[in-house]
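Look through the sequence and the model below. The report that follows takes up aromatic rings, backbone angles, a helix and charged side chains.

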Amino acid sequence: MASNNRDGSPSSGKRARLAFAGLTVVVLGSAIAAEKMLPRPAERAVIIHSDDGGMYPSVNQATIDAMEKGIVSSCSIMAACPAFEEFAQYARSHPNRDFGVHLDLTCEKEDHRWGPVLGAKRVPSLADREGSLWRTTKEVAQHAKIDEVEAELRAQIRRCQDAGIVLSHLDHHMFVLYKRPDLIRLYVRLGIEYGLALRYSKANPATDDLDPNDKECVKAYQEGMQLLQAHRLPLCTVADMDNYQVPAERKRAYYFQVIDELAPGVTELIIHCAYGPPGPLHAPAADRREADTQVFMSQDIADALRARSIRVITWKEFHQQVLRGDQQ
């Protein structure tokens with residue numbers, strides 16, 4: 001078998017093998033470098049969030065069931081509502097769950113109404129003649145004094161904290177805090193001050209929630225986004241709440257379409273859990289809310305998310321990812 005030439009240099013066969021080995025290393029190294037340069041498939045994640053915890057017992061039970069038996073990953077609590085204490089007891093005993101404050105300046109119910117946490121005498125611009133919160137966001141925008149709004153919202157946050165609830169975020173009922181520039185700025189300031197994530201997306205909210213023709217509100221929203229990013233608070237790619245008006249019988253098809261079309265990044269899918277029937281102590285649109293509950297307790301929706309490699313996360317997890325630099 002040939003090995004070396006008389007002068008000690010490698011034989012031609014060995015030189016060929018060494019050259020091939022060297023070429024292989026170069027090629028593999030180039031392939032690895034090229035792979036690192038290629039864009040990775042964009043990850044998709046979703047926060048499946050249920051609003052209105054604490055509104056009524058039927059809302060509380062459905063929300064708890066959807067978290068315990070389904071895939072709802074987060075919810076928010078209305079401190080001014082009649083069933084707050086019931087839900088607070090659950091939240092206090094389940095600190096591993098993901099809870100926010102559903103900041104509230106409206107009571108849309110006609111047959112069973114609630115007022116401000118501070119009481120109508122303390123914050124009169126937030127209440128109607130009955131002492132209840134205004135029925136519509138338009139009325140809030142017309143009447144609310146910003147100092148009274150701030151006092152009431154702080155009282156709602158404090159009530160949740162005093163109840164022993166570990167908070168991960170803030171959001172707002174009926175998107176009421178998008179209705180005036182000063183309300184938007186207050187909302188952002190509260191999130192920064194308390195160090196809590198906000199329901200805030202890189203995509204502008206729906207036109208029903210933030211009027212695109214109101215230049216001052218749009219400007220305040222964009223400025224708020226920059227402030228939240230500067231303070232390393234998370235921003236969803238989009239917050240989806242178009243589902244609320246979808247008829248109960250079409251809910252399942254709607255959500256499967258949302259999953260199929262989910263954008264890269266983190267989407268907050270805002271749903272409303274409740275059990276029927278309609279009535280004074282039941283949530284509005286009880287049939288649609290019950291449909292939400294059933295969809296997100298079903299195995300097929302969980303399987304659909306898994307099949308599409310879509311992760312279900314919480315606000316806590318999202319915030320930690322941003323702090324680590326994994327998201328934003």
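How many aromatic pairs does the count come to? The count comes to 13 aromatic pairs, where rings of Phe, Tyr and Trp (its six-membered ring) pair if their centres lie within 6.5 Å.

## Basis of the report

This is a predicted model, in which local features need pLDDT of at least 70 and side-chain atom pairs count only at pLDDT 80 or more, while totals for chains, interfaces and linings use all residues. Residues are numbered from 1 along each chain as its sequence is written, and side-chain values use heavy atoms, with hydrogens and water left out.

## Aromatic rings

One of the aromatic pairs is W315 with F318: the ring centres are 5.9 Å apart and the planes stand at 35°, so the pair is tilted. By definition, planes under 30 degrees apart count as stacked, over 60 as edge-to-face and the rest as tilted. W315 and F318 both belong to helix α11 (residues 315-324) and are three residues apart, about one turn of the helix. Helices (H or I, at least four residues) and strands (E, at least two) are DSSP runs, numbered from the N terminus.

Are W315 and F318 buried or exposed? W315 has 0% relative accessibility and counts as buried; F318, at 1%, also counts as buried. Buried means under 20% relative accessible area, exposed over 50%, and partly exposed in between (1.4 Å probe, protein chains only).

Elsewhere, F175, Y178, Y187, Y200 and Y221 make up one aromatic cluster. A ring can also have a charge over it: the charged end of R288 sits over the ring of Y244, 4.9 Å from the ring centre. The rule here is that NZ of Lys or CZ of Arg is within 6 Å of the ring centre and within 35 degrees of the ring normal.

## Positive phi angles

F175, a member of the cluster, has a positive phi of about 55° although it is not a glycine. This residue lies in the loop between β4 (167-172) and α6 (181-194). F175 counts as buried, with 5% relative accessibility.

S309 is another residue other than glycine with a positive phi, near 60°. Its place is in the loop between α10 (299-307) and β8 (310-312). Is S309 buried or exposed? With a relative accessible area of 60%, S309 is exposed.

## Residues of helix α5

Q161 is in helix α5 (residues 146-162) and is partly exposed, with a relative accessible area of 38%. Leaving out residues up to four places away in sequence, Q161 touches L167 and Y194; contact means heavy atoms within 4.5 Å. Q161 and R92 are 69 residues apart in sequence, and their C-alpha atoms are 9.7 Å apart in space.

E152 is also found in helix α5. A polar atom of the E152 side chain lies 3.1 Å from the backbone nitrogen of L118. Among the residues that E152 touches, not counting those up to four places away in sequence, are L105, P116, V117 and L126.

## Salt bridges

Side chains of opposite charge can pair when their charged atoms come close. A salt bridge is a side-chain nitrogen of Lys or Arg within 4 Å of a carboxyl oxygen of Asp or Glu, and by this rule the count comes to 21 salt bridges. One of them joins R113 and E130, at 3.2 Å from N to O. Both residues lie in the loop between β3 (99-103) and α4 (137-143), 17 residues apart. R113 counts as buried at 17% relative accessibility, whereas E130 is exposed at 55%.

R154 forms a salt bridge with E193, with the closest N and O atoms 2.8 Å apart. R154 lies in helix α5 and E193 in helix α6, so the pair ties together parts that are 39 residues apart in sequence. R154 is buried, with a relative accessible area of 17%, and E193 is partly exposed, with 48%. The side chains of R306 and D303 meet in a salt bridge of 2.9 Å, N to O. These two are three residues apart in helix α10, separated by about one helical turn. R306 is exposed, at 55%, and D303 counts as partly exposed, at 35%. Finally, salt bridges that share partners join E110, R113, D128, E130 and R135 into one network.

Key. A polar contact is a pair of N or O atoms within 3.5 Å; within protein, one must be able to donate a hydrogen and the other to accept it, and residues adjacent in sequence count only if both atoms are side-chain atoms.
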